[in-house]
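I open this notebook to record what I looked up in a structure that I had not examined before. The entries run from the overall fold to individual side chains.

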Amino acid sequence: MIFSIYIINKAGGLVYNKDYSEGLSKLTSNEYLVLAGTFHGVHAITSKISPVPGSSGIEMLETDTFRIHCFQTLTGTKFLLVADPQQPSIDHTMKKIYECYSDYCVKNPFQNPEMPIRSEQFDVHLLKLVKSVGGLVVSHTLPQPYNTTTTATATTINNNQYNVPYNTNIDPSAQGSSNLPPTLPNIASSGLGLGV
């Protein structure tokens, strides 16, 4: 069973956390941040004190009741998976989590790797992945809805920044309506060639 997934950026900041088991004690936001920062520091120290040259740091921390698995990318992003000690095929699961991250966060032009991940598609695909490996014990199956209007920052070739509001819940029948604000889906459908 998979209990939790955490993603820590290269600076040690927590950019994503999700608990998949109702039996876990709930941590405060500050405790999650301390957990991420502490693991990041311990990971860095263990890579330096390891007797094996070129060690990448902690890959697994094991207790009687759970294991914490760590997968670090070449860019320094760490994926932590808290799972039951008997959970099979953790390496395969970690690679699938990284694939979801690559597909729905890295390829998202509005997602900065150092900022918290706010992607409904990422949440949904992680949930499917956790269900597929038999690691889900929660009463609700879908993430909480996000705000319908968000502001994204897009950078042009001249490095000028524009705050562009976009709506994540577009009514397809209303896209041609002239009373809608200039949201990214509306701009893209108007033929301006943004490729969104």
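**Entry 1. Overall fold.** I began with the secondary structure and found 4 helices and 7 strands in the protein chain. The model is a predicted one. Along the sequence, I read the order of elements as β-β-α-β-β-β-α-α-β-β-α. I then looked up burial: of the 196 residues in the protein chain, 31% are buried. The protein chain exposes about 12,100 Å², and carbon and sulfur atoms supply 55% of that area. Turning to contacts with a separation of 6 or more, I noted that 42% of them join residues 24 or more positions apart.

**Entry 2. Helix H1.** I next checked the length of helix H1, residues 29-49. Its 21 residues should span 30 Å at 1.5 Å a residue, and the end C-alpha atoms lie 31 Å apart, which agrees. Which residues of H1 are buried? I listed Tyr32, Ala36, Phe39, His40 and His43. Viewed down the axis of H1, these buried residues fall within an arc of 100 degrees, so they line one face of the helix. I recalled the general rule that an α-helix has 3.6 residues a turn, so residues three or four places apart point the same way. The buried residues of H1 pack against S1, strand S2 (14-19), S4 and S5. On the other side of H1, I found Asn30, Ile45, Lys48 and Ile49 exposed.

**Entry 3. Helix H2.** I applied the same length check to H2, whose 17 residues should span 24 Å at 1.5 Å a residue. The end C-alpha atoms of H2 are 22 Å apart, which agrees. The buried residues of H2 are Ile90, Thr93, Met94, Ile97, Cys100, Tyr101, Ser102 and Cys105. I asked what covers them, and the cover includes strand S1 (2-8), strand S4 (67-72), strand S5 (78-83) and helix H3 (120-132).

**Entry 4. Cysteines.** How many disulfides are there? My search gave 0 disulfides. Cys100 is in no disulfide, and the nearest cysteine sulfur, that of Cys105, is 8.9 Å away. A disulfide would need the two sulfur atoms within 2.5 Å. I also looked up burial here: Cys100 is buried, with a relative accessible area of 11%. Cys70 is likewise buried, with a relative accessible area of 11%.

**Entry 5. Salt bridges.** I searched the whole structure and found 4 salt bridges; I describe some of them below.

- Lys26 pairs with Asp19, and their closest N and O atoms are 3.8 Å apart. Lys26 counts as exposed at 58% relative accessibility, whereas Asp19 is buried at 15%.
- Lys96 and Glu99 meet through their side chains in a salt bridge of 3.6 Å, N to O. The two residues are 3 apart in helix H2 (residues 90-106), which means that about one helical turn separates them. Lys96 is partly exposed at 31% relative accessibility, and Glu99 is partly exposed with a relative accessible area of 40%.
- Asp103 and Lys107 form a salt bridge of 3.2 Å, N to O. I recorded Asp103 as partly exposed, with a relative accessible area of 39%, and Lys107 as exposed, at 60% relative accessibility.

Definitions and conventions: Residues are numbered from 1 along each chain as its sequence is written. This is a predicted model: local features need pLDDT of at least 70, side-chain atom pairs count only at pLDDT 80 or more; totals for chains, interfaces and linings use all residues. Side-chain values use heavy atoms; hydrogens and water are left out. Buried means under 20% relative accessible area, exposed over 50%, partly exposed in between (1.4 Å probe, protein chains only). The expected span of a helix is 1.5 Å times one less than its number of residues. Contact means heavy atoms within 4.5 Å. Accessible areas come from the Shrake-Rupley method with a 1.4 Å probe; for residues, only the protein chains shown count as cover. The arc is that of the directions from the helix axis to the C-beta atoms.
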